[in-house]
Amino acid sequence: MSAIIENNGAADAVESRQSRWLTFDILRYDPADPGVAPHLRTYRIEEADSMTLFIALNEIREHQDPTLKFDFVCRAGICGSCAMLVNGRPKLACRTLTSSLPTENTLAPLPFFELIGDLSVNTGKWMRGMSERLQTWLHAWEDEVDLRKIEERMDPDLAEQIYELDRCIECGCCVAACGTARMREDFVGAVGFGKMARFRLDPRDARTDDDYYELIGDDTGVFGCMSLLACHDVCPKSLPLQTQIAFLRRRMAMTGTGL
Amino acid sequence: MHEIIAAQADLADRTIKNSWPAWLDILQSSTGLFLALFMWGHMAFVASILLGETAMWTVTKFFEGYFIFGKSHPGLVSCVVAFVALVFVAHALLAMRKFPANYRQCRAILCHAKAMRHEDSTLWIWQVCTGFLLFFFVSAHLYQMFVWPQNIGPYASSDRVWSDGLWPFYLTMLLAVELHGGIGLYRLALKWGWPNAPRGVLRTLKWGLTAFFLVLGLATLAAYMKIGFEHGGHYGERYMPDWAAAENTSQGDGQ
């Protein structure tokens with residue numbers, strides 16, 4: 001009997017959650033149509049069980065407004081395409097359960113990146129620029145790689161550490177959350193620091209700390225970071241950005257000063 | 001000379017490794033650390049008034065070298081003030097580099113902090129605002145202490161606080177200094193990763209220390225105001241414990 005009551009209680013809870021109506025005020029703007037100023041447009045949808053923000057946006061686009069622009073590819077927090085400002089904070093739409101949201105919400109595109117339209121931004125353009133600037137690729141010891149040679153063994157713990165930093169999906173949440181980047185557009189951002197820390201760990205990379213100092217040893221790099229650490233707090237992959245940035249700062253300070 | 005020409009052509013970084021950014025970052029942090037620790041020490045000395053006029057007089061005279069040379073040398077205090085002023089100016093100059101420099105940057109960071117509702121970002125805004133206030137308040141305070149170091153003592157300080165009407169000045173400076181220093185030390189720990197404690201622990205410690213020094217500072221200010229109020233009729237008179245007064249008298253008789 002008690003089990004039935006409990007089940008009924010759970011069913012009621014599910015029903016009450018399903019019966020919730022969510023309001024989304026979405027910032028609409030199309031740079032290709034500058035005559036229409038940025039404005040908020042309100043949409044209401046009924047919440048479903050296990051609904052993500054990504055599903056809610058699709059619901060809106062399919063049934064209410066086919067002109068709404070937003071990005072998605074993987075729907076599983078891997079591609080990093082669906083990052084947006086949810087109630088002022090950068091989040092991945094596909095990883096945000098609507099049950100974690102209040103009934104009244106605002107959605108806006110990620111700042112800092114080139115706006116394509118509505119909630120869609122071109123993070124790829126900025127990420128490519130950052131990647132070229134910081135040379136975020138392996139700089140091999142030899143000019144010519146002998147593909148017939150067996151690779152050097154790597155300590156599993158080290159491989160794990162590298163993998164941990166390699167989990168970055170370049171969604172842009174850390175940059176959008178960064179107060180320094182919001183003020184200074186040439187700031188490298190946590191995504192860049194994460195990549196530097198990753199290559200610095202890799203024994204296959206021939207670069208020294210002097211080389212890394214040339215890339216991030218100034219106020220647009222690690223010394224410009226004011227340690228507000230919103231990057232760490234909003235990272236959807238929970239990367240250890242706080243400790244990595246502090247580590248890079250110590251290393252670069254020692255390298256730069258020769259202490 | 002070629003370095004200047006290269007710098008003007010935006011090619012300085014291609015000629016030699018520029019160690020300045022690293023030095024400036026270390027200097028900003030180390031001057032901030034020094035000033036924050038000095039501030040706590042300073043608060044401890046000033047708060048000696050809570051133990052009585054004689055305790056505060058003893059601390060004052062210690063720094064004037066009275067117990068070493070047998071005579072007060074307020075100039076010693078001026079020397080310390082001059083050194084602190086140098087560190088303060090260096091810290092202000094270095095920290096200014098991080099301030100928002102124009103309307104666009106101001107609006108960007110303010111809107112960002114407000115919309116994000118992120119504690120550490122908001123704390124930084126407080127750090128900037130209190131730092132800006134301190135440019136003026138600390139400069140005025142240091143100048144006063146540098147020029148008139150002899151006016152530090154249980155009655156002299158109390159007269160300044162109450163009869164000269166400077167208590168609102170000290171109250172504002174106290175709030176700004178404690179907030180700025182507390183946030184600054186917390187940020188130093190995050191910046192350099194030492195002490196390597198969880199952020200929640202560091203934040204609790206920071207608020208605990210800020211609350212402690214604020215309470216201590218307010219109690220100290222209240223004590224000076226009370227003494228100043230009671231001593232108002234004898235404005236200008238200096239405090240001296242009985243034993244020191246007797247010693248001075250006997251020395252005078254001997255001469």
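Two strands count as paired if DSSP finds at least two bridges between them; strands here are DSSP runs of E, at least two residues long, and helices are runs of H or I, at least four, numbered from the N terminus. The model is predicted, so local features need pLDDT of at least 70 and side-chain atom pairs 80 or more, while totals for chains, interfaces and linings use all residues. Residues count from 1 along each chain as written, chains are lettered from A in the order written, and side-chain values use heavy atoms, without hydrogens or water.

**Stop one: a strand in chain A**

Select residues 21-28 of chain A, which is β1. Click A:Thr23 and you'll find its bridge partner in β2(A), A:Arg44. Then bring in β5(A), residues 104-108, which pairs with β1(A) in parallel over four bridges. Here A:Ile26 partners A:Leu107.

**Stop two: where B meets A**

Show both chains and pick residues in contact (heavy atoms within 4.5 Å): 31 from chain B and 39 from chain A. Zoom in on B:Arg97 and A:Asp219, a salt bridge whose closest N and O atoms sit 3.0 Å apart. The rule, a Lys or Arg side-chain nitrogen within 4 Å of an Asp or Glu carboxyl oxygen, finds four salt bridges across this interface. On chain B's side, the elements giving two or more residues are α3, α7, α8 and α10. Finish on α7(B), residues 103-116, which gives the most, seven residues.

Note on methods
Buried < 20%, exposed > 50% of the residue type's maximum accessible area, 1.4 Å probe, protein only.
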